Amino acid sequence: MKTYKTRSTVLFDIIVNLFMIFTIISCLVPFIYIFALSLSSPEAIINNEVFFLPKGLNFEAYKSIFTYPNFFNAYKNTLIYTILGTLISLFLIVLFAYPLSKTYLKGNKVFMKIVVFSMFFTGGLIPNYLLISYLHLTNTRWAMLIPFAINPFNLILMINFFKSISNEIEEAALIDGLNYFGILWKIILPLSQAGLATVGLYTAVFFWNDWFNGLIYLKSSQFPVMLFLRNIVNGTSMVGDAAGAVDKATIGISIKGAVIIVTTLPIIAIYPFLQKYFVKGVMIGSVKG
Amino acid sequence: MKKLKKANKHQYWQLYAMMVLPLLYFIIFKYVPMFGNILAFRRYRPGMGPFGTEWVGLRYFKLFFKDAAFWTAFKNTLILSLLNLIINFPIPIIFALFLNEVRNRYFKKFVQTISYMPRFISTVVVIAIVSELLSPSTGILNIIRGKMGLDAIYYMNEPDYFRTIYVLLDTWQYTGWTAIIYLASITSISPDMYEAATIDGANRIQQIFYVTIPTILPTIMVMLILNIGRLLSLGFEKILLLYTPTNSQVSDILDTLVYRTGLANQNYSYATAIGLFTGIIGIILVTSSNSLSKKLTGQSIY
């Protein structure tokens, strides 16, 4: 394809690239700013000297959040919810998605309708809340894990993924005397890394970022780290020791910054590696369920 | 192959056995709460189970229809949703069209990766960052205002700024992500089309208007209809985090009203009635937009 370099196309190229640079800046700058704050001294922050480079470089904020027991505990809670939640979720999703991907199975259509309907009509906040308390799950860690174990969207994604695996391998395995459990475990799952990675990433991100369910169902020792962050942002709870009343607000800012960086970094570090999977995943998921 | 399937019919029980646990999950955690919506028509008594004790008919619906707070929330939900649709529906399309015009493959990939990032960030972190950036004393925006000799504005508390902040945050978080769909549909356009357009003397800008946009129009239509179907489902958590008593006149939406009246004030039946009302409007929007989509584009979501 030949393109002619006229003045208007050159101008167009410039506009396009400027637009992209603007996108990059607007995505990254908030984090750079927060990162700079987290490394700056309280005096520099209060004198409004921090822009995009840390002023009065120090690591006090990071040191202090890790000595703060509530933060440490909340971080640990979030790790537990994320790992356990993702495992339970993947387990249940795979168990359901595999039989649902077999369109020849009797009742398949009915089960699919059950799933799809739950995407468009839900119990709503109050009935869910009352159910969880009726089941005595309130104030237990299960309240964070079980009620959200299957996201119907992720389930459909997984079903579509399984459908895309050729049936022939399976037929051959059945002839070789493997049963369906064996096929799922030994043949389908090893072929499903992309699907598992996509759904796993979505699920892990959900559990990692969840705070609202912690707020309504849990007691403070069980709070996830996002709820901890929310509480220090809106001033419900205080961070660190009450060293000097004057310093408190500004120490607070660099500490907030440090908490933001420490809670966000794991996700930012992981998602680019899974990009090739989830981009495909979005496509598969967008195809009719 | 047919024969084989028959031969294995006696193994099908294994497939059904796999479904038992997940199906139980769906019944308990999806369908029991759906059924729990009957609480909207029944009086709740503490300790007497989640489904209420006696029928009261449409009592709670009549109550909230007379409640000014409900109508404010209803109005706020509609305004915010429409504003969000008008602004954040076209932006990802424009972004995808522009991204497709980036010549350098590595730069393109880099922009894409960066643009997905905000979607993975927790709403709590997003709000924490924004309230830092907009803080009246140390926020960068107000520092700049201060340098220009202007008074600091407490953006997060001002009702006038609430809608702008909400919509812009959605732009920030979801533009790159939503663009994936459009980009996929753009990359599926055959290069022959562009070649033909070039021979006809179309420059790159004309190609966008005469080749790219017409080809991805079906995708745009489906996405538009999907978005209309989801009109009432705003980012509840984000709004809850942005909510302050001073901006409540614009920030109180149906979902936050349910949260406040239900969980904070424990008017369970009343809140369930509002929730059910919202849910039913939602399902009407989804089904009607879906059948509209089927008629217009032949595509549907279920």
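How many salt bridges does the structure hold over all chains?

Guide: The model is a predicted one, and over all chains it holds ten salt bridges. Across the interface of chain B and chain A, the rule finds three salt bridges. A salt bridge joins the side chains of Glu132(B) and Lys256(A), with an N to O distance of 3.7 Å. Another pairs the side chains of Lys63(A) and Glu60(A), again with 3.7 Å from N to O. Lys63(A) and Glu60(A) are three residues apart in helix 3 (residues 60-67) of chain A, and are therefore separated by about one helical turn.

The interface itself may be described next. In chain B, 97 residues are in contact with 105 residues of chain A. Between them, the two chains bury about 9,100 Å², and 79% of this area lies on carbon and sulfur atoms. Of the area that chain B buries against chain A, 8% is supplied by Met18(B), Phe29(B) and Phe120(B), which is more than any other three residues supply.

Phe29(B) also takes part in a helix pair that spans the two chains. Helix 6 (residues 125-134) of chain A packs against helix 2 (residues 12-36) of chain B at an angle of about 120°, the axes lying 8 Å apart. The crossing of helix 6 of chain A with helix 2 of chain B is right-handed. From helix 6 of chain A, the contact involves Pro127(A), Asn128(A), Leu131(A) and Ile132(A), while helix 2 of chain B contributes Ile28(B), Phe29(B), Val32(B), Pro33(B) and Gly36(B). By class, this contact of helix 6 of chain A with helix 2 of chain B has seven nonpolar and two polar residues, and no charged ones.

Within chain A, helix 4 (residues 69-100) comes within 8 Å of helix 8 (residues 152-163), axis to axis, and the two cross at roughly 50°. Helix 4 of chain A and helix 8 of chain A are therefore oblique to each other. Their crossing is right-handed. Among the residues making this contact are Ile93(A), Val94(A) and Phe96(A) of helix 4 of chain A, and Leu155(A), Met158(A) and Phe162(A) of helix 8 of chain A. By class, the contact of helix 4 of chain A with helix 8 of chain A has ten nonpolar residues, one polar and one charged.

Helix 4 of chain A also packs against helix 11 (residues 193-209) of chain A, at an angle of about 140° and with the axes 8 Å apart. This crossing, too, is right-handed. Ile93(A) and Val94(A) are among the residues of helix 4 of chain A that meet helix 11 of chain A, where the partners include Leu196(A), Val199(A), Gly200(A) and Trp208(A). By class, the contact of helix 4 of chain A with helix 11 of chain A has eleven nonpolar residues, seven polar and no charged.

Methods. Residues numbered from 1 in each chain as written. Chains lettered and ligands numbered in written order. Predicted model: local features only at pLDDT ≥ 70, side-chain atom pairs only at ≥ 80, totals over all residues. Heavy atoms only, no water. Axes fitted to C-alpha atoms, helices over the stretch in contact; angles between N-to-C directions. Helix = DSSP H or I, 4+ residues; strand = E, 2+ residues; numbered from the N terminus. Parallel < 35°, antiparallel > 145°, perpendicular 65-115°, else oblique. Left-handed = near helix turned anticlockwise from the far one by under 90°. Contact = heavy atoms within 4.5 Å. Nonpolar A, V, L, I, M, F, W, Y, C, P; charged D, E, K, R; others polar. Buried area = accessible area lost by both parts, 1.4 Å probe. Salt bridge = Lys/Arg side-chain N within 4 Å of Asp/Glu carboxyl O.
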